[in-house]
Amino acid sequence: MGKNDLRLFEPPPFTWNGVQGEGMKYFAELFVKLDQTNKTTEKLEIIQDYLKKASDEDKLWVLYIFSGGRIKRYFNYTHLWQWANEHSGLPAWLFEECYHAVGDMAETIALVLPEQAKESDYTLTYWLKYIESLKDLTEEEKKNKIIDAWDSLSKSGKLVFNKLITGGFRVGVSQKILINALSAQTGVETNIISHRLMGNWHPDKTTFDMLVHGDSAYEDISKPYPFYLAYQLEGEPKDLGSPADWQAEWKWDGIRGQIIFRKGELFIWSRGEDLVTNKFPELEGLNQLLPEGTVIDGEILCWSGTKPLSFNVLQTRIGRKNLSPKILKDAPVVFMAYDVMEYNGEDVRNKTLVERRKILNRIFGETTLVALPASGGLISPIIEFESWDELRKLRETSREGSTEGVMLKRKDSFYEVGRKKGDWWKWKIDPYTIDCVMVYAQKGHGRRADLFTDYTFAVWDNGKLVTFAKAYSGLTDKEIREVDSFVKRNTVERFGPVRTVKPKLVFELAFEGIAPSSRHKSGVALRFPRIARWRKDKKPEEADTLDTLKKLMVNNK
């Protein structure tokens, strides 16, 4: 295959206001502009501007990528590293130092390779087809094609191309921003856009017009609905008004999912829009329970007796290609249903919560929690309470039932799209906390690539500091700069991008759960660790011990 053979993939040049467009240039500008702002309104305007001038083919791919679609990678990072290092002409040590300074391989390559005097005007779609064509090539052919691409792209073009080929394309655009921008540009309602962007669609199998305007998007019988997401409760529950207006349920700690039963087939979708039907064979019994044309919202949980097992047990099944008999025995799952979006083929999201709950009761019957029902499905019980103080006391017993707290839902609420304030709230129990010492630091990514923002923490064990957790969120920008300055002034050793620092800074970590772990030297693993505060009032020797953590682990069983 010659250097120019892939031109056959290039779609005809498109025009906007009579001017020939440069698809990859527009896409690179889109990425750079989005990366330079944290303001929602600005991001909305940037995406709308892109949608105005990009071709339909490129817009379709942007929707796919920004919605979490994956671009397959046909080589490993080691190969890419070697090719870029060789093509840059830099000594290996200098190339590696550049990487450690930048903290991102795609950006490092874009910066060290020479700038091109003239950039190709190929479209985003062309370059994605170009990447796809690498699939069946030899290693040497792949190398030549990647270098050819680098040599025909500008610095920003190289950056987004590298992001695409490494599978590391992340941009701070929420699904809500994307949907609002597309809705504003096309005139299609946001709830319809939300639904059409979900499911297992691919740009190779549809067009922009069919996806956004056509009815064909609804022909996929496995297509899920957008999830309704709750905010953390702000203030006190009494501020919500009368308890009689609210329904309370336990907040389950599992994998959010949708069960879809249409035309005799069962589909299971995760909140991350992954089709995970084959990963949970225990739920096949729902085929016999659900009426035709039913979509249920709920939580996938590992279950024992009358309560869930810890999330760490569920993690033993996540990512496994093959489920052994032992795994199925040790980590059996149920689907805890707490809402319904479709019933008998009818979209019931515009019915009130009370009406939807009656439908759930019709399907699942008794709300009593039992051991592993034959169908694999349970209904989340309603917590009966008459006052907010009574509910507060019940909430304090959450850990006894292996739940994270309480969900509050207004009884007259509809099933909305995305995260909205007002009708659904999560009232979580207070997290566990531990005081610990920072011992390692590493630079972040993106806007924080030049700052040490990723930290490793340790607690005391027989007079020695033992690492047990990493965290990178919870500090203010000012505090991050202070810690960064400390790391640079107090580095003891360097291991690639990691810095060992003098154990002087104490932080309070918050986390949701703790479980035994053979992968960690400390023997424990935390769930959702984050920095609660910088304990400038404490000396390192006052930090907590490993025994303290292990006692929390015993209490968490």
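Reader: Taking buried as under 20% relative accessible area, exposed as over 50% and partly exposed as in between, with a 1.4 Å probe and protein chains only, which residues of helix 7 are buried?

Author: They are L124, T125, Y126, W127, L128, Y130 and I131, so that seven of the nine residues in helix 7 (residues 124-132) are buried and the helix is mostly covered. Helices here are DSSP runs of H or I with at least four residues, strands are runs of E with at least two, and both are numbered from the N terminus. Please keep in mind that this is a predicted model, in which local features need pLDDT of at least 70 and side-chain atom pairs count only at pLDDT 80 or more, while totals for chains, interfaces and linings use all residues. Residues are numbered from 1 along each chain as its sequence is written, and side-chain values use heavy atoms, with hydrogens and water left out.

Reader: And what covers the buried residues of helix 7?

Author: Counting a contact as heavy atoms within 4.5 Å, the cover includes helix 1 (23-35), helix 2, helix 3 (56-66), helix 8 (139-150) and helix 9 (155-166).

Reader: Before I go on, what is the mean pLDDT of the protein chain?

Author: The mean is 86, with 92% of the residues reaching 70 or more, where pLDDT is the predictor's confidence in each residue on a scale from 0 to 100. Residues 1-21 have a pLDDT below 50, and beyond near neighbours in sequence this stretch has 38 contacts in the model. Where pLDDT is low, the predicted coordinates should not be read in detail.

Reader: Switching to strands, how many residues of strand 8 are buried?

Author: Ten of the eleven residues in strand 8 (residues 294-304) are buried. Strands are said to pair if DSSP finds at least two bridges between them. Strand 8 runs antiparallel to strand 6, to which seven bridges join it, and G257 has G298 of strand 8 as its bridge partner. Eight bridges join strand 8 to strand 10 (residues 333-343), again antiparallel, and there I296 is partnered by V340.

Reader: How many bridges join strand 8 to strand 9?

Author: Two bridges join this antiparallel pair, strand 9 being residues 307-308, and S304 stands opposite K307 of strand 9. The hairpin they form has two residues between the strands, and G305 takes a positive phi near 65° in it.

Reader: Now charges: how many salt bridges are there?

Author: The count is 27, a salt bridge being a side-chain nitrogen of Lys or Arg within 4 Å of a carboxyl oxygen of Asp or Glu. One of them links R527 and D253, at 2.4 Å from N to O. R527 lies in strand 24 (residues 524-527) and D253 in the loop between strand 5 (246-250) and strand 6 (255-262), so this pair ties together parts that are 274 residues apart in sequence.

Reader: Are R527 and D253 buried or exposed?

Author: R527 is buried, at 12% relative accessible area, and D253 is buried as well, at 16%.

Reader: Where do D49 and K53 sit?

Author: They are four residues apart in helix 2 (residues 40-53), and therefore separated by about one helical turn.

Reader: How many disulfides?

Author: The count is zero, with a disulfide taken as a pair of cysteine sulfur atoms within 2.5 Å. As for individual cysteines, C98 is partly exposed at 21% and C436 is buried at 0%.

Reader: Last one: how many helices and strands does the protein chain have?

Author: The chain has 19 helices and 25 strands, and 50% of its 557 residues count as buried. Among contacts with a separation of 6 or more, 70% are between residues 24 or more positions apart.
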